[in-house]
Amino acid sequence: MKTTDTATTGVETPGTPGGSGPAVTRTAPPAARKQSKGEGATLNVFSHGVLILWAIMVVMPLLWAVMTSFKTDKAIFTSPWSLPDKLHFENWSRAWTEAHMSDYFLNTILVVGGSLIGTLLFGSMAAYVLARFDFPGNRFIYFLFIGGMSFPIILALVPLFYVMQNMALLNTLPGLILVYIAYSLPFTVFFLTAFFRTLPSSVAEAAFVDGASHTRTFFQVMLPMAKPGLISVGIFNFLGQWNQYLLPTVLNTEPEKKVLSQGLVQLAVSQGYKGDWSGLFAGLVMAMLPVLAAYIIFQRQVVAGLTAGAVK
């Protein structure tokens with residue numbers, strides 16, 4: 001039988017012809033293995049260092065804002081980086097009541113909740129048809145939605161204002177819901193069309209064989225299978241609609257119907273003159289908490305929806 005040579009190459013050497021010895025594999029040189037392990041360790045240390053630095057840059061401002069919301073105005077300016085002497089919850093109650101954050105929250109929940117449901121419903125229906133059915137104009141309609149993603153919303157503000165005014169939807173929450181739906185549909189259709197194409201056709205065909213209609217197949221078979229994609233695009237739309245400022249500023253000017261982003265700007269302006277910075281930070285943290293909670297709760301579903309279809 002041939003012996004193993006560990007000092008040269010890493011190829012496999014066949015056994016002796018006619019002999020009983022098995023083939024022997026020559027391993028890589030120890031120097032090469034040590035060099036490979038050293039390069040991998042260096043790369044891991046560098047990548048982990050970059051991730052830690054990025055996490056610090058993201059998390060530290062959030063923690064500082066939360067810490068500052070429990071301080072007094074004097075402590076904010078005299079010792080901005082120190083911990084609060086005690087938790088001043090009156091900052092939060094003052095922002096919630098006197099700054100009308102409760103009204104802004106209610107308006108935002110109504111607008112974002114209604115627009116999110118409408119966006120996912122209409123977007124999934126359009127994406128399902130574009131992804132699963134071939135008909136004349138299919139690609140044209142799909143590219144129209146793609147073009148809607150590249151259209152700057154600021155160019156549509158003036159005509160959109162007059163359209164809403166003529167339809168008696170200006171300064172109304174239902175009108176703002178419809179605008180949010182139209183604003184979010186292009187990305188939703190683009191995202192879900194690619195997702196529906198990855199779903200197996202055999203399940204829908206089996207439903208048709210059993211006598212299910214297209215409507216029943218979509219709502220009871222295909223839509224539950226697209227749950228990861230719906231959650232992912234829903235989170236993205238929720239973030240965009242919750243933080244939307246330009247559209248409500250132009251289309252929703254009634255003080256009692258303002259949403260959270262408008263309320264924060266008004267709070268920053270008014271409280272800035274009064275010197276109530278603690279109340280301002282409390283309102284800011286209030287606006288951040290729902291977004292952070294939504295992402296933490298649905299984090300696994302977002303990752304699953306983004307990676308679905310990457311490996312078949």
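Me: Which residues lie nearest the centre of the largest pocket?

Reply: They are I153, V179, A182, Y183 and S184, out of 21 residues that line the largest pocket. A pocket is an open set of points on a 1 Å grid over the protein atoms alone, with protein on both sides within 12 Å along at least five of seven lines, and lining residues have an atom within 4 Å of a point. The model is predicted, so local features need pLDDT of at least 70 and side-chain atom pairs pLDDT 80 or more, while totals for chains, interfaces and linings use all residues. Residues are numbered from 1 along each chain as its sequence is written, and side-chain values use heavy atoms, without hydrogens or water.

Me: What volume does it have, and which helix gives the most to its lining?

Reply: The volume of the largest pocket is about 470 Å³, counted as the space filled by probe spheres set on the points. Helix α7 gives the most to this lining, with 7 residues. At least two residues each come from α5 (138-150), α6 (157-166), α7 (173-198) and α10; helices are DSSP runs (H or I) of at least four residues.

Me: How does that lining divide by class?

Reply: The lining of the largest pocket has 16 nonpolar residues, 5 polar and no charged. Here Asp, Glu, Lys and Arg count as charged, Ala, Val, Leu, Ile, Met, Phe, Trp, Tyr, Cys and Pro as nonpolar, and the others as polar.

Me: Changing topic: how many cavities are there?

Reply: There is 1 cavity of 30 Å³ or more, a cavity being a set of points where a 1.4 Å probe fits but cannot get out. About 40 Å³ of space lies in the largest cavity. The residues that line it are T108, V111, V112, Y180, Q241, W242, Q244, V259, L260 and S261. By class, these divide into 6 nonpolar, 4 polar and no charged. Helix α4 gives the most, with 3 residues.

Me: Where is S115, and is it buried or exposed?

Reply: S115 is in helix α4 (residues 101-132). Its relative accessibility is 0%, so S115 counts as buried; buried means under 20% relative accessible area, exposed over 50%, and partly exposed in between, with a 1.4 Å probe.

Me: What does its side chain reach?

Reply: The S115 side chain makes a polar contact with the side chain of Q241 at 2.7 Å (N or O atoms within 3.5 Å, one able to donate a hydrogen and the other to accept it). The backbone oxygen of V112 is reached at 3.1 Å. Beyond neighbours within four places in sequence, S115 is in contact (heavy atoms within 4.5 Å) with I177, Y180, I181 and Q241.

Me: And P248, what does that residue touch?

Reply: P248, in helix α11 (residues 246-251), touches L176, Y180, T253, V259, S261 and Q262, leaving out residues up to four places away in sequence. P248 counts as buried, because its relative accessibility is 0%. P248 and N171 are 77 residues apart in sequence, with their C-alpha atoms 8.7 Å apart.

Me: How many aromatic pairs are counted?

Reply: The count comes to 17 aromatic pairs, with ring centres within 6.5 Å and planes under 30 degrees apart called stacked, over 60 edge-to-face, and the rest tilted. W64 and F281 are edge-to-face, because their planes are at 90°, with the ring centres 5.3 Å apart. W64 lies in helix α1 (residues 30-68) and F281 in helix α13 (residues 277-297), so this pair ties together parts 217 residues apart in sequence.

Technical notes:
Rings of Phe, Tyr and Trp (its six-membered ring) pair if their centres lie within 6.5 Å; planes under 30 degrees apart count as stacked, over 60 as edge-to-face and the rest as tilted.
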